Amino acid sequence: MHSTLALSVVPFLLSLTHATNIPITVGADAELAFNPQAVTANVGDTITFSYFPKNHSVVQSSFTDPCHPLADGFFSGFQPLAAGPGPVEFVVTVNGTKPIWIYCAQTEKSHCQKGMAMVVNQPAPPSPNTLDAYKLAAAKTGVSSSPPNIEGGVFISLNSTSTTGSTSTGSATASLYSSTSSSGVGSSSGSGKGGSSTGTGIGSGSGSGSQSSPISFAGGATKTTAGFITIALAVGGACLALL
C-alpha cells in the first residue's frame, strides 16, 4: 500500500516541477482569433491569455455545445480595450488531460460563430472532434452566451504585483507579494538654565514576504496558494521513504 501511494505521488510532483506556461493572444492584429488556436498542455501547465481590442472574452465550453459555457468551466469576463495588449492577463491552470474547448462570447459581430475558438489537447486522429469541426458547428449556432460571473482562473496585472482571482461563488483579490512597513515619529524637548533644546527623530522599516503561485483544484477553479509545492514535496519525500 505504501509503495502504491508513493508511486502515485511521484508523477504529480514531477508535473509541478516541470510545469510550463503557454501564452495565447486574444484578438491580436484586429483578427477574430486566438493565437495559437491549438496547443498541447500537461497537467500543471498554465495557459495565459493576453487581450487586444476591441472587446473579447475567454470562455470554456464543451465540444457538443459550442459558443455556450461549460458548467464549472472558466470565464474571464469581457476586456474592453482601445489598445493592446491590455493591462491584465487571464491565467488558467490545466488540471487534466481531456480536451479544453474555448471561445469568445462577444455577441457583436458574432465572434464565436465566425470562428473565434481554440482547443487545448485536441483529440488525435481518427477522432472527429477537431477544432475545424467545432468551428463548423459554432457557425450554425445562434447568439453566444457566457456565465454570470468570472470564474476558474486568476488575473495578473502587468502594471502591479497583484492578482485577482474569482470563483463561481464570488471574487477575491490576492497579492503576489506581501509586505509590511512601519514608521514612527517621535520628539523630545528639554530646557535648562540658560537655554532650551528640542529634537525630532524619524524612523522607518519595511519587510517583504514570499510569492504565491496559482494552483488549480477540482471543478476548474484556480486558487492562489503559497507554499503548496513545498508541502507536496515533503509529502512525496515521506511516501518515498516508505518504499
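**A chat about the model**

Reader: Let's start with Asp-72: buried or exposed?
Author: Asp-72 is exposed, with a relative accessible area of 55%. That puts Asp-72 in the exposed class because the cut-off is over 50%. Keep in mind that this is a predicted model.

Reader: Okay, and where is Asp-72 in the chain?
Author: Asp-72 lies in the loop between strand 6 and strand 7. Its phi is near 65°, which is a positive value in a residue other than glycine.

Reader: What about the phi of Asn-121?
Author: Asn-121 has a phi near 60°, also positive and also not a glycine. Asn-121 sits in the loop between strand 10 and helix 2.

Reader: And is Asn-121 buried or exposed?
Author: Asn-121 counts as buried, because its relative accessibility is 10% and the cut-off for buried is under 20%.

Reader: Switching topic: how many disulfides does the structure hold?
Author: The structure holds 1 disulfide. Cys-67 and Cys-112 are the two partners, with 2.0 Å from S to S. This pair links distant parts of the chain, 45 residues apart: Cys-67 is in the loop between strand 6 (59-61) and strand 7 (79-80), and Cys-112 is in the loop between strand 9 (100-103) and strand 10.

Reader: Which hand does the link of Cys-67 and Cys-112 have?
Author: The link is left-handed, with -85° about the S-S bond. Both Cys-67 and Cys-112 are buried.

Reader: And what about Cys-104?
Author: Cys-104 is in no disulfide. The nearest cysteine sulfur belongs to Cys-112, and that is 8.2 Å away. Cys-104 has a relative accessible area of 0%, so Cys-104 is buried.

Reader: Prolines next. Which peptide bond into Pro-36 is cis?
Author: The bond from Asn-35 to Pro-36 is cis, with omega near -5°. Pro-36 is in the loop between strand 2 (34-35) and strand 3 (38-39). The bond from Gly-84 to Pro-85 is cis as well, with omega near 0°. You'll find Pro-85 in the loop between strand 7 and strand 8 (88-93).

Reader: And what is Pro-123 in contact with, leaving aside neighbours within four places in sequence?
Author: Pro-123 is in contact with Pro-99, Trp-101 and Asn-129 once those neighbours are left aside. Pro-123 belongs to the loop between strand 10 (117-120) and helix 2 (131-138). The C-alpha atoms of Pro-123 and Lys-98 are separated by 8.3 Å, though the two residues are 25 apart along the chain.

Reader: Now the strands. How many residues of strand 4 are buried?
Author: 6 of the 6 residues in strand 4 (residues 46-51) are buried. Thr-46, Thr-48 and Ser-50 point one way, Ile-47, Phe-49 and Tyr-51 point the other way, and all are buried.

Reader: Which sense does strand 4 pair in with strand 1?
Author: Strand 1 (residues 21-26) and strand 4 pair in the parallel sense, over 6 bridges. In that pairing Ile-24 stands opposite Phe-49.

Reader: What's the order in the open sheet of 4 strands?
Author: The order is 3-10-9-6, with mixed pairing. Strand 3 and strand 6 are the edge strands, each pairing on one side only. Strand 3 pairs with strand 10 in the parallel sense over 2 bridges, and Val-39 has Val-120 in strand 10 as its bridge partner. Helix 2 packs on this sheet and touches strand 6, strand 9 and strand 10, with its direction at about 145° to that of strand 10.

Key: Residues numbered from 1 in each chain as written. Predicted model: local features only at pLDDT ≥ 70, side-chain atom pairs only at ≥ 80, totals over all residues. Heavy atoms only, no water. Contact = heavy atoms within 4.5 Å. Disulfide = S-S within 2.5 Å. Buried < 20%, exposed > 50% of the residue type's maximum accessible area, 1.4 Å probe, protein only. Pairing = 2+ DSSP bridges. Axes fitted to C-alpha atoms, helices over the stretch in contact; angles between N-to-C directions.
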